[in-house]
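Dear colleague,

Please find below the structure that I am handing over to you. My notes on what was found in it follow directly after.

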Amino acid sequence: MTYNDRTFGILMIVLAVAYGWGATQLPAPFGGSEAVGPETFPLLLAVVLGLSSLYMIVRPDPDNAWPWSRTGVELVVAVVVLVLYAALLEPLGFIISTTLAVGTLCWRMGSAPVRAYLTGAASGVVVFLVFNFALDLALPLGLLAFLEVS
Amino acid sequence: METLGYLIDGFGVALAPHNLMFALLGAFLGTLIGALPGLGPANGVAILIPLAFTLGLAPETALIMLTAVYAGAMYGGRISSILLNIPGDEPAMMTCLDGYPMAQQGKAAEALAISAVASFIGSLVATIGLILLAPLLAKFALTFGPAEYFALFLLAFATLGGITGKNPMKTVVAACIGLMIATVGIDNTGVQRYTFGVLELYEGVDFIIAIVGLFAISELLFFIEERAGGGKAKMVVNKLKLSWADIRNILPSSLRGGVLGFIAGVLPGAGASLGSFIGYTLEKKVIGKKGYFGQGDPRGVAGPEAGNNGASSGALVPMLTLGVPGSGTTAVLLALLISLNITPGPLMFTQNADIVWGVIAALLIGNFLLLVLNIPLVGIFVKLLSVPPMFLLPIVTMIAFVGIYSISNTTFDLYFMVAFGVAGYIFRKLQIPLVPIILGLLLGPEMEKNLRHAMDISDGDWTILWDSGLAIGLWVFAGLGLILPYIVGPILRRRMRVTTGTGGAEGD
């Protein structure tokens, strides 16, 4: 099966065309155009990417299997956890969000839940203390702001 | 003699107490990074870069620490090769061949000590080579004009996959993707390109975010997919019984391996894996029937280990003198230089002499530290090796988050990093190499600048790009770099596979 490389090759050709078209739409720089304008280098790249992607379509490598079913779900879960971690870092504060994120990841990777969340909490507290006191870098406290020592 | 003077100044920098302290920390962390599963050297150095910034380290201190990490990672890779027959990174593959049999015969401690000594000798030989060769190459590189630089960058991309690379066209695709990402932002004529009006993109994509995302986050996803969360069996290491005769026995092998590795490291397209492979085959040839290779011959541990460490020091030569890295890890070190506002390349040897020579001196000192660290502390590293990835990788991910967050204190960067991680996972699935993407991101602005200068000089005549003998030479080598893998690659790969009996791991 050689669908992966072909699909990717087609996507990359679409990207190359869109990118190249985008380059031709760039405004001329202030002070008149020169031999190499802002569009020259991108146009070169678009041509090279187009040609090399074409090669991928013509001579694709055999596919690596994609993880569907359960493993695929685990992967999606992991990505969702990472996105939520980024989103909740400021509102919840570093320690709580780290406990949740690291804990969930450890748990999903096969640890017992209690140990997983304990690992998360411990690592969050340690890193928070190290950053805030030893390195003088303020990580957000969030919900735990009442603990702040002034 | 000039060189010696600079080197002594360099020692002055590297031996300053706080620099020495960070070198020690770096050497320790580096060995850990090399030893731990799922943390390659490039990955490890990438995660530590934002931390070096947030610590507010001086440029030379940051560079010294990360050079020590780099050197240490090469030491660490051998631990799991010897004890578990699982190479920590690709160049450590050859160490398995004789290291693991030695461990099975109850001589694990000896194998570890021998490989530490051989690594030390290999690095020492290569660092001396670096000291001799780098200033010469830097002087020569001063004659390069913009057209030659443009060709040199192409050469770097073309040879990045290495002679043993599988599909050079994928390297080209990857390099284009990287270069395209590099064009995002306001270019030096003041035109906004591909920003889509998003304020955060005006200054371009921060390559540190891209590197950490591509390496660290995609690694986490790979471990989840392979369900490799469980730990490895506990290992015990016997008490060390090593005599001077043993060390004398491996000296010639180590010296030969170091020299060969250095050459392989300097040459574009060869890299550390080939260095250790040649180191091993040469030892087999030289010693011939007197050896018992494959059954735990200490010289079979020493040769490739010296070769792989020699190659990793050799790989610093093109990075420091030309600003063109030849491997993933040196690309990450280049990222550090650029973000410290140091322009790598020949001028660095005159403009930032203290930094360059400080780093070279740090490499020497780092190797002494590593030798001292490695023999008594090997027990600790072995214990840490059995930390299961299911705890390790989430914590590493968290540290990546903290590092990226602390650069600019915005969550936008974090989303970006996760996006790069998912992209990195998909690329790796498609066997699109990640290193050219990173190199493209790093070299893109320089490449465009040199193209523009060349065109300005020639008044828009494209033939200037292959007008000088040097430029033509670089173009020819770049062409060979893309074509040779199709011709020689399959043969070399087969031979490496036959010797090691494994498929080989990704990346170095």
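In this predicted model, helix 9 (residues 207-226) of chain B packs against helix 19 of chain B, their axes coming within 10 Å and crossing at roughly 175°. An angle over 145° counts as roughly antiparallel, and that is how helix 9 of chain B runs relative to helix 19 of chain B. On the side of helix 9 of chain B, the contact is made by Phe207(B), Ala210(B), Ile211(B) and Leu214(B). Helix 19 of chain B contributes Ile437(B), Ile438(B), Leu441(B) and Leu442(B). By class, this contact comprises eight nonpolar residues, with no polar and no charged ones.

Ala62(B), Leu63(B), Leu66(B) and Tyr70(B) of helix 4 of chain B meet Thr329(B), Leu333(B) and Leu336(B) of helix 14 of chain B. Here the classes are six nonpolar, one polar and no charged residues.

Helix 17 (residues 389-408) of chain B also deserves a note. Its 20 residues should span 28 Å at 1.5 Å a residue, and the end C-alpha atoms are 29 Å apart, which agrees. Of these 20 residues, 16 are buried, so helix 17 of chain B is largely enclosed by the rest of the structure.

Which residue just after helix 17 of chain B takes a positive phi? It is Asn409(B), with a value of about 55°. Two further residues of chain B can be listed with it:

- Asn341(B) has a positive phi of about 65° although it is not a glycine. It lies in the loop between helix 14 (328-339) and helix 15 (348-351) of chain B, and it counts as exposed, with 7 C-beta neighbours inside 10 Å.
- Gln431(B), likewise not a glycine, has a positive phi near 60°. Its place is the loop between helix 18 (411-429) and helix 19 of chain B; with 16 other C-beta atoms within 10 Å, Gln431(B) is partly exposed.

I turn now to chain A. Helix 2 (residues 40-58) of chain A has 19 residues and reaches 28 Å from its first C-alpha to its last, close to the 27 Å expected at 1.5 Å a residue. Its buried residues are Phe41(A), Pro42(A), Leu45(A), Ala46(A), Leu49(A), Ser52(A), Ser53(A) and Met56(A). These cover an arc of only 150° around the axis, which puts them on the same side of helix 2 of chain A. What covers them includes helix 1 (3-24) of chain A. From chain B, the cover includes helix 8 (168-183), strand 2 (192-193) and helix 19 (435-458).

How many residues of chain A are in contact with chain B? There are 52, and they are in contact with 49 residues of chain B. Helix 1, helix 2, helix 3 (69-92), helix 4 (94-108) and helix 5 (113-134) of chain A each supply at least two residues of the side that touches chain B. Helix 3 of chain A gives the most, with twelve residues. The residues on this side of chain A divide into 37 nonpolar, eleven polar and four charged.

With kind regards

Methods. Residues are numbered from 1 along each chain as its sequence is written. Chains are lettered from A and ligands numbered from 1 in the order in which they are written. This is a predicted model: local features need pLDDT of at least 70, side-chain atom pairs count only at pLDDT 80 or more; totals for chains, interfaces and linings use all residues. Helices (H or I, at least four residues) and strands (E, at least two) are DSSP runs, numbered from the N terminus. The expected span of a helix is 1.5 Å times one less than its number of residues. A residue is buried if 20 or more other C-beta atoms lie within 10 Å of its own, exposed if 12 or fewer, and partly exposed in between; C-beta atoms are placed from the backbone. The arc is that of the directions from the helix axis to the C-beta atoms. Two residues are in contact if their C-beta atoms, placed from the backbone, lie within 7 Å. Ala, Val, Leu, Ile, Met, Phe, Trp, Tyr, Cys and Pro count as nonpolar, Asp, Glu, Lys and Arg as charged, and the others, Gly among them, as polar. Axes are lines fitted to C-alpha atoms, for helices over the stretch in contact, and angles run from 0 to 180 degrees between N-to-C directions. Angles under 35 degrees count as roughly parallel, over 145 as roughly antiparallel, 65 to 115 as roughly perpendicular and the rest as oblique.
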